[in-house]
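Subject: Two-chain model, handover and notes

Hello,

Please find the structure below. My notes on it come after.

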Amino acid sequence: MNSVRFLWAAYIATWLIHGLYLGSIVRRYRRVRRQMKDLSGE
Amino acid sequence: MIAGTVKRLFPILAVLTALLLAYGTYQALVVAPTERTMGDVQRIFYYHVPSAWTGFCLFFTNLIASIVYLIRKNPKADALAVSSAEVGVVFCTIVLVTGPIWARPVWGIWWTWDLRLTSTLVLWLIYVSYLVLRRFSDSAQTPVLAAVLAIFGALDVPLVYFSIWFFRTQHPQPVIGGGGSLDPRMLHVFLLNLFTFSCFGAMVCWWRCRLEWLQREVDEAEAMESLLEPTEARLSKPKVTAGGGR
């Protein structure tokens, strides 16, 4: 039935949003670590 | 010592949460019985409602942290406030995305301006404006202004929750404590996912809070360094006497 398509769409949207957000946290962590390394190296 | 234990505990709890999420998804998609009138699309319920619950809990955390910050000016409370608001907005976004996807096959429309939906959108907009304020304002008063905005924003949470109790809306009545009923097998899966999403929200908030704290330490160290640099440069500069030392 058509409703399964909506179910999958909602699931994919949910985990896509979470994935993008977790990815942004990882990226920000890497930037902070790099800044810390630069500070301790100077 | 406590910080070290917490640091070691984090990956273990993260793995446990990931396992719980996988188990909760399996229960929601496979084990839970299919609802008679809506069919499979009703399974959206198992993460739409837990996402809303987690978002509310995070906004409540933001409220408490904001009050603590206003009273004690504790920077850790401020870091928790900004982290919980950001993660809360993510969960609220999921509610606003999955809701219309569920509404389309069931109601025949993506969106209606009824009280529950509109107040949820307003809640989302308030916390997005909170994050915009935190991101783009450099004033020393920003945390105070943001904390006040958070207190006003949190007033919308009970309005969202109780809107379907006191007003006639398109949105279904609550299944627990609101006169609705749920098959015991559905209730089991729902409660499992409620717990799982709460753990997931807490873990992400914890992680985000650690990042916020690290970022503040780095910013502080960079500010200190930029303050010291001119002094060091002045001290290391050779003294030149009048007449060029000849």
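Residues are numbered from 1 along each chain as its sequence is written, chains are lettered from A, and ligands are numbered from 1, in the order in which they are written. This is a predicted model, in which local features need pLDDT of at least 70, side-chain atom pairs count only at pLDDT 80 or more, and totals for chains, interfaces and linings use all residues.

Confidence

The predictor gives an ipTM of 0.92 and a pTM of 0.88 for the complex. Mean pLDDT (the predictor's confidence in each residue, from 0 to 100) is 87 in chain B, where 89% of the residues score at least 70. Within that chain, H2(B) has the highest mean, 95, and H6(B) the lowest, 80. Residues 240-246 of chain B have a pLDDT below 50, and beyond near neighbours in sequence this stretch has one contact in the model. Here two residues are in contact if their C-beta atoms, placed from the backbone, lie within 7 Å.

Chain A

Chain A has one helix and zero strands; helices (H or I, at least four residues) and strands (E, at least two) are DSSP runs, numbered from the N terminus. The C-alpha trace spans about 65 × 5 × 5 Å along its principal axes. H1(A) has 39 residues and reaches 57 Å from its first C-alpha to its last, close to the 57 Å expected at 1.5 Å a residue (the expected span is 1.5 Å times one less than the number of residues). Of the 42 residues in chain A, 14% are buried. A residue is buried if 20 or more other C-beta atoms lie within 10 Å of its own, exposed if 12 or fewer, and partly exposed in between, with C-beta atoms placed from the backbone. The buried residues in H1(A) include A:Phe6, A:Leu7 and A:Ala10.

Chain B

Chain B has seven helices and zero strands, and 33% of its 246 residues are buried. Among its contacts between residues at least 6 apart in sequence, 75% join residues at least 24 apart.

In H5(B), B:Pro143, B:Ala146, B:Ala147, B:Ala150, B:Gly153 and B:Ala154 are buried. Seen down the helix axis, they fall within an arc of 120°, so they line one face of H5(B); the arc is that of the directions from the axis to the C-beta atoms. On the other side, B:Val148 and B:Phe152 are exposed. The cover over the buried residues includes H2, H3, H4 and H6 of chain B.

One backbone point to check: B:Lys73 has a positive phi of about 55° although it is not a glycine. B:Lys73 is in the loop between H2 and H3 of chain B, and is exposed, with 11 other C-beta atoms within 10 Å.

The contact between the chains takes 19 residues from chain A and 24 residues from chain B. The chain A side divides into 14 nonpolar, four polar and one charged. Ala, Val, Leu, Ile, Met, Phe, Trp, Tyr, Cys and Pro count as nonpolar, Asp, Glu, Lys and Arg as charged, and the others, Gly among them, as polar.

Not counting residues up to four places away in sequence, B:Ile44 touches A:Leu7, A:Ala10, B:Thr98, B:Ile101 and B:Trp102.

Regards
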